[in-house]
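Look at how the two chains meet in this model. The account below moves from the whole interface down to single residues.

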Protein chains: 2
Amino acid sequence: MSTKYSRQRETLLKVLCSTDCHPDADWIYTEVRKELPNISLGTVYRNLSNMSREGTILKLSMGDGKDHFDGNTTLIHHHMMCRRCGSIIDIFTPDKDEKEFSEYVSSYAQTHTSAIIQEHSVMFYGICSDCNK
Amino acid sequence: MSTKYSRQRETLLKVLCSTDCHPDADWIYTEVRKELPNISLGTVYRNLSNMSREGTILKLSMGDGKDHFDGNTTLIHHHMMCRRCGSIIDIFTPDKDEKEFSEYVSSYAQTHTSAIIQEHSVMFYGICSDCNK
DNA sequence: TCGATAATAGTAATGATTACTGTTATTATA
DNA sequence: TATAATAACAGTAATCATTACTATTATCGA
């Protein structure tokens, strides 16, 4: 069951990678339809699900009832959800700091449990700079 | 609009606090019905929502499509979801370490963004000790 | 005891996501 | 290039978690 090319998936990925707004499936659906008016919502969901499972994109569950997606997987960074406007913003940190941070967080948990820690995700909540003006 | 007592809420809280399995709304509904057979699912959701907003209980969004709840808010701890069985387990850490950890995580983000960081949640993913046997 | 109203039960509605099915597009191979 | 196998699709129905609505009930202060 090798992966076959599809224009739908290519376009979807292009749309997702050209924004930093961490959209949900419906936003992506709306945007992709501007280029492929007949794409189906199921196709959007299926591709988002497949690509996040494979690690091509990132799925974010921030507790607002729907999943958000991030096309930027090359540059490690964190996310904050604004309590006022609901937007999700990136928090970029220097690579060297990030390595240390990630190591600290995972080993912090690993030293206190007999389970095997494979991954972790850190979510921040607060007020974005736009809402704070 | 002061809060009035209700046996439904009391029972729900008692049920939630007497387990460490981080149940979802439906599990809680099933359990509470053993004591209050006529409680409605809406009442469960409304109370879970109210109590987590007030901080009486904790809502966990771990990315499996539904919310989980934790009645233990007095002892700060972390959570890991098992990739194999889906269960959520607690990771307890010494109080002094926890303070330092929490401070480190939030200041790590705060020094790299102009947004106001208010809270953070750290979720771990891996294989629980039961699944690792 | 009574009145105001918070909370409820029961049900309908919503919103996000998944499943299904017949059709289309991709790709390896003849 | 034609063909055959099948991955992916469009369109739609179904599911699941959650919220909204409404008439009734329970709490609680006066």
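What area is buried between chain A and chain B, and what share of it do carbon and sulfur atoms give? The model is predicted. In it, about 3200 Å² is buried between the two chains. Carbon and sulfur atoms give 59% of that area. The contact involves 39 residues of chain A and 39 residues of chain B.

Now turn to the polar side of the interface. Between chain A and chain B, 16 residue pairs are in polar contact, both residues being at pLDDT 80 or more. Two salt bridges cross the interface. One of them pairs A:Arg83 with B:Glu119. Their closest N and O atoms are 2.9 Å apart.

Which elements of chain A supply at least two residues each to the side that touches chain B? There are strands E3 (77-82), E4 (88-92) and E5 (116-127), together with helix H4 (95-110). E5(A) gives the most, with twelve residues. By residue class, the side of chain A that touches chain B holds 19 nonpolar, 14 polar and six charged residues.

Take one bridge as an example: A:Gly126 has B:Ile117 in E5(B) as its bridge partner.

Key. Residues are numbered from 1 along each chain as its sequence is written. Chains are lettered from A and ligands numbered from 1 in the order in which they are written. This is a predicted model: local features need pLDDT of at least 70, side-chain atom pairs count only at pLDDT 80 or more; totals for chains, interfaces and linings use all residues. Side-chain values use heavy atoms; hydrogens and water are left out. Contact means heavy atoms within 4.5 Å. Buried area is the accessible area (1.4 Å probe) that two parts lose on being put together, summed over both. A salt bridge is a side-chain nitrogen of Lys or Arg within 4 Å of a carboxyl oxygen of Asp or Glu. A polar contact is a pair of N or O atoms within 3.5 Å; within protein, one must be able to donate a hydrogen and the other to accept it, and residues adjacent in sequence count only if both atoms are side-chain atoms. Helices (H or I, at least four residues) and strands (E, at least two) are DSSP runs, numbered from the N terminus. Ala, Val, Leu, Ile, Met, Phe, Trp, Tyr, Cys and Pro count as nonpolar, Asp, Glu, Lys and Arg as charged, and the others, Gly among them, as polar. Two strands pair if DSSP finds at least two bridges between them.
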